[in-house]
Each structure stands twice: as structure tokens, then as C-alpha cells.
Amino acid sequence: MTQQLVAMHMSDGIINVPVSLMFAAIVVAALGFCGRRAQRELDERTVPLAGLVAAFIFAVQMVNFPILPGVSGHLLGGALAAILVGPYTGALCVSIVLVVQSLLFADGGITALGTNIANMSLLGVAAGYGTAVLAYRFTARLGPSAFLAAVVGTVCAAMGFVVEYAIGGAAPVALTAVAGYMFGTHLLIGIGEGVITALTVAAVARARPDLVYLLRRTRREVPA
Amino acid sequence: MRFWAGALILTLLIAGGVSYLASAHPDGLDSATLRGCEVVEVDGAEELSGNCIAAHADEHPLTGSPLADYAIAGRDHTGGLAGVIGVLVTLAFAGGLFRILS
């Protein structure tokens with residue numbers, strides 16, 4: 001079996017080396033920033049949850065679900081992590097999963113770690129969390145907000161790949177075809193991601209509402 | 001305590017059991033990179049023929065490593081155990097890092 005048929009994430013060689021290294025440098029700087037900001041999100045209650053969220057994302061990413069004949073999708077996890085443990089800690093959670101998958105399971109290239117983390121962790125979390133905050137402010141409903149956040153986060157992560165391919169794609173395949181196909185498939189994957197994210201966030205909120213970062217954050221803002 | 005135990009057990013069950021039900025078809029990104037190629041058998045091994053993005057992909061440098069492709073030493077039907085190991089490693093790595101950061 002060839003490697004690229006079973007892997008879940010971008011292999012080495014799909015984006016050329018200079019552009020891959022450029023994204024790796026951006027990611028190292030961004031994760032350093034996240035590490036400093038995460039200190040404010042983490043306390044004795046949230047540390048165990050953050051560890052568990054990373055492990056849960058690893059587990060659920062193994063379960064590809066069908067979206068079209070011959071095409072599957074899997075959770076990326078950015079919106080899920082950000083809603084539960086905060087955006088900075090959440091970005092670190094998804095990044096840890098991608099590092100473990102690349103180095104331990106040979107899934108996702110090593111020079112491609114920068115681009116994979118930029119898409120699924122940084123972009124997925126930023127777009128997903130931004131959407132979650134806005135949607136929750138307008139609807140005050142956690143489940144639907146989580147669903148929408150996951151859809152937007154997934155599509156933005158896919159568009160991250162399209163941008164990287166536009167800058168440093170190593171193959172002579174038309175950008176418009178890649179962009180259209182990535183958008184369509186990831187809209188469908190986003191719906192699956194949205195269902196998983198909404199169910200998970202709702203389950204945690206029912207059992208331990210004190211643990212859900214998005215709820216704590218908005219509660220802190222309201223009394224002022 | 002019940003919450004933490006339940007969440008960990010659920011996570012291990014997903015990685016160790018539910019993962020066997022996963023679709024084996026390529027995901028959105030992989031199918032995008034495979035468009036334009038056909039998978040052909042050459043001497044019993046699968047290769048790509050045609051012009052697609054995935055034809056430019058390099059083999060992972062750790063392809064021969066013990067847990068590569070979510071299997072134990074490449075053996076069939078060991079994905080569940082590989083998944084359980086992955087969950088525990090991720091939990092230890094993330095838990096350790098977040099403890100240091102907090």
C-alpha cells in the first residue's frame with residue numbers, strides 16, 4: 001500500500017520546501033505566542049481537560065466518515081478544542097495531535113508539519129473560535145454555535161491548503177479545480193465535524209458546565 | 001471523577017474499537033490530491049499513474065517505524081491497539097506540556 005493512500009494529512013513534497021519552511025517558521029512563532037497566552041487559560045481544572053481534549057481529538061480523527069462515494073472525511077478538531085479549553089490552549093491541543101501523528105504514526109509529512117499545523121490548528125482554531133464567539137453572542141445557544149463554528153473552521157482549514165498550494169504547489173494541477181474541490185468536500189466534512197463538535201460540547205456542558213471555556217468566558221463578560 | 005473516567009473510557013473505546021468502522025476511502029484532502037491519477041497494481045504494490053498532486057508526494061521518512069499507518073509493525077487488524085497507544089501518548093504529551101505551562 002502506498003503511503004499517500006492511507007494518510008490523513010498532507011505529505012511532504014506536495015508544497016515545495018521553501019514555502020513549507022516558511023510556514024514552519026510562522027507556526028513556531030505562533031505556537032510560542034499561544035504557549036504564553038495559554039498560561040492564562042490554564043488552571044488546575046483546565047489542565048486535565050486540555051490533555052483529554054487532545055487525546056479525544058486524536059481518537060476521533062481515526063474515525064473517517066463517508067461524505068461522497070469513494071471520499072471520506074474526519075474531524076479536524078479546531079473549533080471543538082477552542083470552545084472547550086480556549087483558543088490558545090486549543091491550538092496547542094490540535095498541534096500536539098498533528099505532531100504525534102506525524103512522528104509516531106508516519107501520518108502527515110515532517111516538512112509538511114508547518115503547513116498542516118497552520119491549516120488545521122491555527123486557521124481551524126482562529127476561524128472556529130471567532131465564529132463560536134459571534135454565534136454564541138447572537139443566539140446564546142451552545143450546540144448550534146458549536147456546529148456553525150466547526151463548519152467554518154473546517155472550510156477555512158481547507159482554504160489554507162489552497163493558499164499554500166497557490167504559493168508553493170509542486171504539481172501542475174489547476175488551482176481553480178483544487179480550490180473548488182477542496183471547498184465542496186470540506187463543506188460536507190464540516191457538517192460531520194459540526195455534528196461531532198456540537199454533540200461533544202453539549203455533553204460536556206451538561207455534565208460539567210464549569211469546564212466549558214466559551215461559557216466561562218461569556219459569563220465573566222456579562223456581569224460587568 | 002465520574003466525568004473524567006467516563007471521558008477517558010469513551011476516548012479509548014473510540015480509538016480502540018470504533019476506529020475499525022472508519023471509512024477506508026481517502027479523505028477530502030487526499031482525494032483532492034489524487035484527482036487525475038489512477039491507482040494501479042505494479043508487482044503486487046499499488047502505484048499512482050497519471051498526473052495528480054499526490055504523484056509528487058514523498059514517502060514519509062518514518063514509513064518503516066513500528067506504529068506507521070496506525071498499525072503495530074504493519075500487521076493487519078492492529079489499528080485498535082495502535083490507536084490506544086496514540087491516545088495514551090497524546091494524553092501524556094499534552095498533559096505534561098499543559099502542566100508545565102499552567
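## Reading the model

Because the model is predicted, local features need pLDDT of at least 70 and side-chain atom pairs count only at pLDDT 80 or more, while totals for chains, interfaces and linings use all residues. Residues are numbered from 1 along each chain as its sequence is written, with chains lettered from A and ligands numbered from 1 in the order in which they are written.

## Where the two chains meet

Let's start with the interface. On the chain B side 59 residues are in contact with 65 residues of chain A; contact here means that the C-beta atoms of two residues, placed from the backbone, lie within 7 Å. Four elements of chain B give two or more residues to this side: helix 1 (2-16), helix 2 (28-34), strand 2 (45-50) and helix 3 (79-101). Helices (H or I, at least four residues) and strands (E, at least two) are DSSP runs, numbered from the N terminus. Helix 3 of chain B gives the most, with 13 residues.

By class, the side of chain B that touches chain A holds 32 nonpolar, 18 polar and nine charged residues. In this scheme Ala, Val, Leu, Ile, Met, Phe, Trp, Tyr, Cys and Pro are nonpolar, Asp, Glu, Lys and Arg are charged, and the others, Gly among them, are polar.

## A helix pair across the interface

Which helix of chain A crosses helix 3 of chain B at roughly 135°? Helix 5 (residues 87-105) of chain A does, and the two axes come within 10 Å. Axes are lines fitted to C-alpha atoms, for helices over the stretch in contact, and angles run from 0 to 180 degrees between N-to-C directions. That angle makes helix 5 of chain A oblique to helix 3 of chain B; angles under 35 degrees count as roughly parallel, over 145 as roughly antiparallel, 65 to 115 as roughly perpendicular and the rest as oblique.

Residues making the contact include A:Leu92, A:Ile96 and A:Val100 from helix 5 of chain A, and B:Val89, B:Phe93 and B:Leu97 from helix 3 of chain B. The contact residues divide into twelve nonpolar, three polar and no charged.

## Helix packing inside chain A

Helix 4 (residues 78-85) and helix 6 (residues 113-139) of chain A pack at about 60°, with axes 7 Å apart, and are therefore oblique to each other. Their crossing is right-handed. Among the residues that meet are A:Gly78, A:Ala82 and A:Ile83 of helix 4 and A:Met120, A:Gly124 and A:Tyr129 of helix 6. This contact has eight nonpolar, four polar and no charged residues.

Helix 2 (residues 17-41) and helix 7 (residues 142-168) of chain A pack at about 135°, their axes 9 Å apart. The crossing is right-handed here too. A:Pro18, A:Val19 and A:Phe23 of helix 2 meet A:Glu164, A:Ile167 and A:Gly168 of helix 7, which gives four nonpolar, one polar and one charged residue.

## Hairpins and domains

In chain B, strand 1 (residues 37-42) pairs with strand 2 in the antiparallel sense over six bridges; strands pair if DSSP finds at least two bridges between them. B:Glu41 stands opposite B:Glu46. Two residues separate the strands of this hairpin, and B:Asp43 in the turn has a positive phi of about 50°. In chain A, three bridges join the antiparallel strand 1 (residues 65-68) and strand 2 (residues 71-73), with A:Pro66 partnered by A:Ser72. A:Gly70, in the turn of that hairpin, has a positive phi of about 80°.

The domain assignment of chain B gives domain 1 (25-59) and domain 2 (66-102), with bounds that come from an automatic or database assignment. Taken over C-alpha atoms, the centres of these two domains of chain B are 27 Å apart.

Note on methods. A crossing is left-handed if the near helix is turned anticlockwise from the far one by less than a right angle, and right-handed if clockwise.
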